[in-house]
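Open the model in your viewer and keep the selection tool handy. We will go from stop to stop, and at each one you will hear what to select and what is there.

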Amino acid sequence: MSFSAADHALMARALRLAERGAYTTRPNPMVGCVIARDGAVVGEGWHQRQGGPHAEVFALREAGAAARGATAYVTLEPCAHHGSTPPCADALVEAGVARVVAAMRDPFPQVDGAGFERLRAAGIVVEHGLLEAQARELNRGFLSRVERGRPWLRVKLAMSLDGRTALANGESKWISGEASRRDVQRWRARSGALLTGAGTVLADDPHLTVRLDDGSAFVPPLRVVLDAGLATLARGHVREGSAPTLYLHAPDAKLPHGLAIEHAPAPVHGTRFDLDAVLRLLAARGINEVQVEAGATLAGAFLAAGLVDEVLLYIAPVLLGDTARPLFAGLSIAHMAQRFQLQPVDCTLLGEDLRLRLRPLARAAAAAA
């Protein structure tokens, strides 16, 4: 399928619009829409909040009568079902658009091609696949939940130049600088859940809240504490504020009396949570992206289980020495063939710190087998 330079430019604009909903649309995907006639934009919009109008509705409102005979560029297949709002495919048909260009098909079962079928049945030209890789990257969390049945998992870590995350006594504030800590808040804001373990709660008593200094609107992410025996309930910061908190515990854990907490059992094998089951439990709650903010043990367990999709790593120009704590624990690497390989996605300088985004590749041992 051939697309023009104007098609590419207008879809790129729709993708930039979609990204504006990063903090507010979940569990829905981020979607942008641009309506154009003869290459000139007559309307545009993006999905701003779950339960509110979709991107196509905002764009059609702005375009008005100019939408008739125009082309609509949408970053995701228009919906064809009644959810919180009426079907966007019907709105495009009623507006009289002549052509719809979508970046990608929507794998959500209630859509999954039905939107395209409805548009074609009305005589509208439908094309898709333009900038699809960029569209998938934008909604990697939503797609992970729908296609894999688990959220996209991001592990956030800060380390020294010698690869250490905390002193031997557990002290870790602050390895990274102020600019890095501000950046973390933006990654928290786009997350559906912030996950930590009992050890981190006992050692640091974190708040796990979003603190943005630019006034951006956001939906507070769910705070998730993995605590098999509910030993951390005396630590209160993760229960303070307006952000919700969920404690996941062993099925046989003794629940406290008179303490109002949201909790749920999760499978435990021996002394360890079944981490895949934990992620599927969160997916069932509509969580698209999980950001893990924990110590080396839990971070290492997720990595060893093959569940880490992305590592968000802040490297500070400091040294902590060889007795300090490592980045990941429990990987049991005895031979070079067992090493974990990570692919850099981007590299950003934040003040004096370096931020790397990395994605694990298939382990070398598996690739050689």
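**Stop 1**

Start by selecting histidine 54, which touches His47, Cys79, Thr85 and Cys88, leaving aside residues up to four places away in sequence; contact here means heavy atoms within 4.5 Å. Before going on, note that this is a predicted model, in which local features need pLDDT of at least 70, side-chain atom pairs count only at pLDDT 80 or more, and totals for chains, interfaces and linings use all residues. Residues are numbered from 1 along each chain as its sequence is written, and side-chain values use heavy atoms, with hydrogens and water left out.

Histidine 54 sits in the loop between strand E2 (40–46) and H2. Helices (H or I, at least four residues) and strands (E, at least two) are DSSP runs, numbered from the N terminus.

**Stop 1: helix H3**

Is cysteine 88 buried or exposed? With 1% relative accessibility, cysteine 88 counts as buried; buried means under 20% relative accessible area, exposed over 50%, and partly exposed in between (1.4 Å probe, protein chains only). Beyond residues up to four places away in sequence, cysteine 88 touches His54, Glu56, Val57, Pro78 and Cys79.

Select all of H3 (residues 88–95), whose buried residues are Cys88, Ala89, Leu92 and Ala95. Look down the axis of H3: its buried residues fall within an arc of 130°, so they line one face of the helix. That arc is taken from the directions from the helix axis to the C-beta atoms. The cover over these buried residues includes helix H2 (55–63), strand E3 (71–74), strand E4 (99–102) and helix H4 (114–121). After H3 comes glycine 96, with a positive phi near 80°.

**Stop 3**

Next, select strand E8 (residues 193–197), where five of five residues are buried. Ala193, Leu195 and Gly197 point one way from E8, while Leu194 and Thr196 point the other way.

E8 pairs with E9 in the parallel sense over five bridges; two strands pair if DSSP finds at least two bridges between them. To see one of these links, show glycine 197 with its bridge partner in E9, leucine 226. Three bridges join E8 to strand E14 (residues 289–292), also parallel, and there alanine 193 has valine 290 as its bridge partner.

**Stop 2: a second annotated set**

Finish with two of its members. Aspartate 204 lies in helix H8 (residues 198–204) and is partly exposed, with a relative accessible area of 32%. Alanine 296 belongs to helix H10 (residues 296–304) and is buried at 14%. Not counting residues up to four places away in sequence, alanine 296 touches Pro326, Leu327, Phe328 and Ala329.
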